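Have a look at the picture first, then read on.

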Amino acid sequence: MVAVSNAIQLEGFQFKSMELSIEGEHKIEKWLEVGTLLTGMESSLNWWIGDWLVFGEHTYGQKYSQAESVTKHRQDYLKACNFVSHKVPAENRIQGLSWSHHREVAALSIGDQKKWLKQALENEWTVSELRINMRKSLAEYSEEDGEAIKSFNLVSWTQEGVRWLRQEIRKNP
């Protein structure tokens, strides 16, 4: 891959900001390969932007004003990308799950992230199903004298409350 000004060139496929220019003849396998690349790029964009922001913050101390100017994205979007990339290390990111799955577990410990992401992958949960199952687990049950007693994990509920509040703030800035 060779960068050419504001375009990326890939064996007869030139990716420009507003166009994919295809030159010459290509076998269907090559065309399908480029389609796979495009889909992968789309699903990776939030990670790339987030990792870029984490790097900029760590290296240059930059926050969001310059990133907003360069990317033309709103600050709430940039903050979400930064938060998820910062909290979910690359080794916890699971191919086959969306960035949104990872956003759901970002506030959890590294161990809990792995646990929930693994379950989401194995059970083929949607983001909503992951969220529902995580909430269900927040209520822990114990047996005492043969009766089920419901107790709550305060730390988990607090993390869930913070996540909910952030989502509400994003909806209604």
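Is W116 buried or exposed? W116 is buried, as its relative accessible area is 7%, and buried means under 20%. Keep in mind that you're looking at a predicted model. Two aromatic pairs turn up in this structure, and they're a handy place to start.

**The pair F55 and Y60**
- To describe a pair of aromatic rings, you give the distance of the centres and the angle of the planes.
- For F55 and Y60, the ring centres sit 5.9 Å apart and the planes meet at 80°, so this pair is edge-to-face; the cut-off for that label is over 60 degrees.
- F55 is partly exposed, with 45% relative accessible area.
- Y60 has a relative accessible area of 55%, so Y60 counts as exposed.

**The pair W116 and W125**
- W116 and W125 make a tilted aromatic pair, with 6.4 Å from centre to centre and 35° between the planes.
- W125 is buried too, at 14% relative accessibility.

**A look at G56**
- You'll find G56 in helix α1, which covers residues 28-60.
- G56 has a relative accessibility of 11%, so G56 counts as buried.
- If you skip the neighbours within four places in sequence, G56 is in contact with G61 and Q62.
- G56 and A67 are 11 residues apart in sequence, and their C-alpha atoms are 9.0 Å apart in space.

Conventions
Residues numbered from 1 in each chain as written. Predicted model: local features only at pLDDT ≥ 70, side-chain atom pairs only at ≥ 80, totals over all residues. Heavy atoms only, no water. Phe/Tyr/Trp six-rings, centres within 6.5 Å; stacked < 30°, edge-to-face > 60°. Buried < 20%, exposed > 50% of the residue type's maximum accessible area, 1.4 Å probe, protein only. Helix = DSSP H or I, 4+ residues; strand = E, 2+ residues; numbered from the N terminus. Contact = heavy atoms within 4.5 Å.
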